[in-house]
Amino acid sequence: MTKEFMDEYQPLLVKEIKDTKWIKFPNKSLLLAACAACIGGTFQYGYNVSVINAPTTYVHDFINQTWRERYQTDISENVLTLLWSTIVSTFTIGGFIGATVGGTLSVKLGRKGALLTNNIFALMAALLLGLSYPTGLYELLIVGRLFTGINAGIGICVQPLYLGEIAPTALRGAMGTGTSIFITTGILTGQVIGLNELLGKEEYWPILLSTTCIPAFLQLLILPWFPESPRYLLIDRGDDEGCKKALKQLHGDNCEYEWEDIEKEKNNLVGFQAKKPWELLGDRSIRWQLLTIVLLNAAQQLNGINAIYFYANYLFKQSGIPSDKIPYVTIGTGGCECITALTCGMLIECLGRKALIMGGYTLMSICCVLFTLTLTFQDASPAIPYLSMACVFAFILSFGLGPGGVTNILTTELFTQSSRPAAYMIAGSVNWLCFFFIGLVFPFIVIGLQHYCFLVFLAICFSVAAYIFFVIPETKNKTFLEIQNDFRSSNNKKACSVDGSGTTLLSTSI
């Protein structure tokens, strides 16, 4: 072959090799490293969101009993509600704190180091939650939930970073769905463990809440056997040998293409330090990426998924399901979300990120319309409550297939190494603030609009679907630099349309 032929076709040959099936089956070490990161990461988030629901009545009784022993009087209903809501909502405050420090920890300690250090908060939380009943201090529940929130906030910030950076380009989407798969698995596990047949009995509730230590111990035992993120080792630490060793362990012997990709990104970032969140906010060259992750993370909490779970029990009762059986049906909603997260993982490399997340929000918009109609005519026919139940499951399926599975992946892919930790800090902070906001405001929305509240969520879902269609490029099988250039190309075209000048496409990364 001539040199000219090789120069022209070598890039095409490399792309063809990268897209072949043999590289699409992950190395066993890569899968185990991802599971080790997830079990102490986003699994904890999902688990601690759901596990608090089962012992609600027992914790109320414990607070009332403790109050009576301290003050020789029963606690008022308002104070009890305030204390309980504080215990529950402190989790979101801790999550916000964790999100604001997670990016910094990932830069200072490394992705793996930050995940391992994060288990300190889970172990402290388990200790405090477990000791609350024997010591008669319900205040320990508040502090314990704060620590579980910090653990979840750091985990949901750092774990997707680790997954996105250890995965080969052809598997980055599928690996990234590990975040949503383990969140939903955590939710489902919390629902199952909270059943009366397991730890849902009154005498077991302190043990139930302290089981958050189990995933922490598992991660501390397993994750040290696997390497740090190769991108972090080479780009942030300049450790060539460590990066090559990590790539070989994670990807096997066929890792030269990933090495070249990381080295190319390193060369484009020479002289750049990891950015702080405020530096990212002031960088006009990535304003569309930043706007995108802010909107997607806000929409992930404000799209109506919390409203669906709020109405689920009411609909199950309306459909004639006995109250004592509703927890088992609720497990069905958790299982439904788990299945869609797994389905998203299988489809994302075939259909792409854009099709899945835009399709998910479009289907959720349709479900909002149907849900409003079925709730409006709830008494028109005995079959209507069952249609409402079908809408519940359809909405959850749509959420898990698109927004639930793809949002974190896009946060990883839209930024290069120097910007990514700060981007996760901003995205995580927005996500947790919206989580807190919807928990605070949603009851008033329901009181004011009742079932017409789903028209608000319809507007949000439809608007986000339209934004994705017009603004976000497809990122499947593209390197981080290629994605960055796609956005820069789009920005240049917008600039040209505004000032009428011809601008040449910048092909270098920031």
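**Helix geometry and packing in the predicted model**

Helix α16, formed by residues 287-302, contains 16 residues and spans 22 Å between its first and last C-alpha atoms, close to the 22 Å expected at 1.5 Å a residue. These values, like those below, were computed from a predicted model. The buried residues of α16 are Gln-289, Leu-290, Thr-292, Ile-293, Leu-296, Asn-297, Ala-298, Ala-299, Gln-300, Gln-301 and Leu-302. After α16 comes Gly-304, which has a positive phi near 105 degrees.

In the protein as a whole, the secondary structure amounts to 24 helices and zero strands. The protein has 510 residues, of which 54% count as buried. Of the contacts between residues at least 6 apart in sequence, 82% join residues at least 24 apart.

The crossing of α19 past α23 is left-handed. On the α19 side, the contact is made by Lys-354, Ile-357, Met-358, Tyr-361, Thr-362, Met-364, Ser-365, Cys-368, Val-369, Phe-371, Thr-372 and Leu-375. On the α23 side, the contributing residues are Phe-454, Leu-455, Phe-457, Leu-458, Cys-461, Phe-462, Val-464, Ala-465, Ile-468 and Phe-469. Sorted by class, the contact of α19 with α23 comprises 18 nonpolar, three polar and one charged residues.

The second pair consists of helix α7 (residues 139-166) and helix α22 (residues 420-449), with axes that cross at roughly 140 degrees and come within 10 Å. At this angle α7 is therefore oblique to α22. The crossing of α7 past α22 is right-handed. From α7, the residues in contact are Ala-152, Gly-153, Ile-156, Cys-157, Pro-160, Leu-161 and Glu-165. Their counterparts in α22 are Arg-420, Pro-421, Tyr-424, Met-425 and Trp-432. By class, nine nonpolar, one polar and two charged residues make up the contact of α7 with α22.

Conventions. Residues numbered from 1 in each chain as written. Predicted model: local features only at pLDDT ≥ 70, side-chain atom pairs only at ≥ 80, totals over all residues. Heavy atoms only, no water. Left-handed = near helix turned anticlockwise from the far one by under 90°. Helix = DSSP H or I, 4+ residues; strand = E, 2+ residues; numbered from the N terminus. Contact = heavy atoms within 4.5 Å. Nonpolar A, V, L, I, M, F, W, Y, C, P; charged D, E, K, R; others polar. Axes fitted to C-alpha atoms, helices over the stretch in contact; angles between N-to-C directions. Parallel < 35°, antiparallel > 145°, perpendicular 65-115°, else oblique. Expected span 1.5 Å × (residues − 1). Buried < 20%, exposed > 50% of the residue type's maximum accessible area, 1.4 Å probe, protein only.
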